[in-house]
Amino acid sequence: MKRHRRSHYFSPAVQYTACHECDWIMVVPPLQPGEQAVCPRCEHKIRSLPTQARLQPMIYSITALIMLFCSNFFPFLGMAVKGIHQDMTLYQTATTLLEEQHPALALTVYLFMQILPAICLMLICLIYSRLGHWRGKRLRKRYTLWLFRLIPWCMVEVFLIGVLVSLIKIASLADIELGYSFWAYVLFSLSMLKAFSAIDRDWLWLHQSGPVHLRQSPIPSGRAIDQNLTLCHACHGLVSLKNRHCPRCHTVLHARKPNSLQWTLALLFTAAVLYVPANILPIMVTESLGQQTYSTILGGIVLLWDMGSYPVALIIFIASILVPIVKMLAIIWLCWSVYTNREHHRRGRTRLYRLTEFIGRWSMVDVFVVAILAALIRMGKLMSVYPGTAALAFAGVVVLTMLSAMSFDPRLLWDNEADTTQPESKGASDSVE
Ligand SMILES: [Zn+2]
Ligand SMILES: [Zn+2]
């Protein structure tokens with residue numbers, strides 16, 4: 001399969017690995033710049049040329065942290081209506097929610113847009129600054145595990161889209177000013193994305209803990225589970241299932257995620273239950289000249305459409321209505337196809353799984369829009385926006401559907417029902433250099 005210039009499937013043995021999404025064992029040859037190793041069975045990208053730069057992730061992370069620090073000390077957005085000027089700072093997106101008695105929502109917003117990204121950036125600095133040092137190796141392993149666990153929860157780019165949607169929403173009502181903090185936050189998000197793209201999980205584990213040595217060479221072109229092997233989901237090392245814990249990162253090993261379907265469906269149904277109040281209750285309360293208007297997600301979209309803001313109405317409709325429903329239906333369909341042991345279109349269903357994992361976080365846009373508008377529009381009875389109860393319920397829907405997609409094991413799509421049980425232990429244990 002061609003990707004960029006060319007990509008390899010099998011060639012003289014260099015490094016064994018198993019596909020994260022279909023459990024297929026393969027040999028990955030040395031890659032050249034522009035090449036990618038792709039799974040021949042499900043087309044999952046196995047790896048590209050490792051990013052070996054040590055300084056780059058640190059430089060981008062430090063730049064991002066400085067920009068994040070700066071973005072909290074100047075006005076973020078400003079608006080003027082009938083001669084009255086109002087500014088908001090970045091941290092007010094959370095503190096206003098706190099003042100309005102929505103502590104859980106304030107924590108959710110602040111966690112995803114500032115705290116978790118800051119923790120990830122600090123972890124990158126800690127890991128890369130001590131690379132090659134033997135002292136503190138155990139702690140560094142923990143940092144690396146946590147870094148890759150937290151990265152999916154950094155929603156900086158989603159927050160920026162939320163800012164843009166908010167700006168378009170109020171552009172017809174007031175004059176808008178972008179403060180210094182806004183530009184600092186844009187630079188922070190760009191540097192953060194560069195830092196994340198500069199880190200390479202495989203190289204990092206290989207560099208700090210060495211390769212995992214298998215006592216017997218695996219046979220390529222078969223399932224890892226049939227050879228009593230598994231790919232460690234944390235460090236991506238191919239390890240024997242005879243070990244209870246990964247010899248490299250000490251994560252508990254499983255051939256398949258335990259009770260994957262049960263967890264996926266339980267989280268999904270909880271999300272579906274929360275989706276009802278998220279749509280029935282008001283997500284935002286607008287006060288204009290002393291008159292309060294309660295708007296639900298759908299009501300807000302209809303209002304935007306009537307006002308002629310078609311692109312914003314479409315963005316909110318896709319993010320808040322279409323994505324959660326499509327995602328929930330897709331996960332149910334995936335679980336059903338595993339349960340009924342469906343054999344056809346496995347590659348298509350794996351692509352659908354990747355899509356559900358990718359789109360889930362973008363639904364958070366509407367929650368961020370509510371937080372930004374509530375922090376910015378605070379002019380008493382003249383014009384004010386308050387968060388509604390549905391905002392927290394909707395944030396819950398997004399988090400639960402994300403957790404549900406993460407609980408699903410895509411390797412089940414490629415298993416026959418009889419093969420999903422773990423075979424009897426027969427392999428030798430592995431060691432790390
Ligand atoms: Zn695969
Ligand atoms: Zn591991």
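**Close-up views of a predicted model**

**View 1. T264 sits in helix α8, which spans residues 260–280.** The model shown in these views is predicted. T264 is buried, and its relative accessible area is 0%. A polar atom of the T264 side chain lies 3.3 Å from the backbone nitrogen of F408. Apart from neighbours within four places in sequence, the residues in contact with T264 are I331, C335, S404, S407 and F408.

**View 2. Four cysteines coordinate the zinc ion (ligand 2).** The donor atoms are the SG atoms of C232, C235, C246 and C249, at 2.2 to 2.3 Å. Angles among the four donor atoms run from 101 to 117°, and the site is tetrahedral. For four tetrahedral donors, the ideal angle at a metal is 109.5 degrees. Along the chain, the donors follow the spacing C-x2-C-x10-C-x2-C. C232 belongs to the loop between β9 (229–231) and β10 (238–240), while C246 belongs to the loop between β10 and α8, so this pair ties together parts that are 14 residues apart in sequence. C232 and C246 are both buried.

**View 3. The largest nonpolar core contains 106 residues.** Residues with the most contacts inside this core are F76, L77, Y128, F159, Y185 and M364. Helix α3 (residues 103–129) supplies the largest share of the core, 13 residues. Not counting residues up to four places away in sequence, M364 touches T108, F112, M155, V158, A395, V398 and V399.

Definitions and conventions
Residues are numbered from 1 along each chain as its sequence is written. Chains are lettered from A and ligands numbered from 1 in the order in which they are written. This is a predicted model: local features need pLDDT of at least 70, side-chain atom pairs count only at pLDDT 80 or more; totals for chains, interfaces and linings use all residues. Side-chain values use heavy atoms; hydrogens and water are left out. Helices (H or I, at least four residues) and strands (E, at least two) are DSSP runs, numbered from the N terminus. Buried means under 20% relative accessible area, exposed over 50%, partly exposed in between (1.4 Å probe, protein chains only). A polar contact is a pair of N or O atoms within 3.5 Å; within protein, one must be able to donate a hydrogen and the other to accept it, and residues adjacent in sequence count only if both atoms are side-chain atoms. Contact means heavy atoms within 4.5 Å. Donors are N, O and S atoms within 2.8 Å of the metal (3.2 Å for Na, K and Ca); water is not among the atoms, so sites may look incomplete. Four donors count as tetrahedral if all angles lie between 85 and 135 degrees; four count as square planar and six as octahedral if opposite donors are over 155 degrees apart and all others between 65 and 115; anything else is irregular. A nonpolar core is a set of buried Ala, Val, Leu, Ile, Met, Phe, Trp, Tyr and Cys residues joined through side-chain atoms within 4.5 Å.
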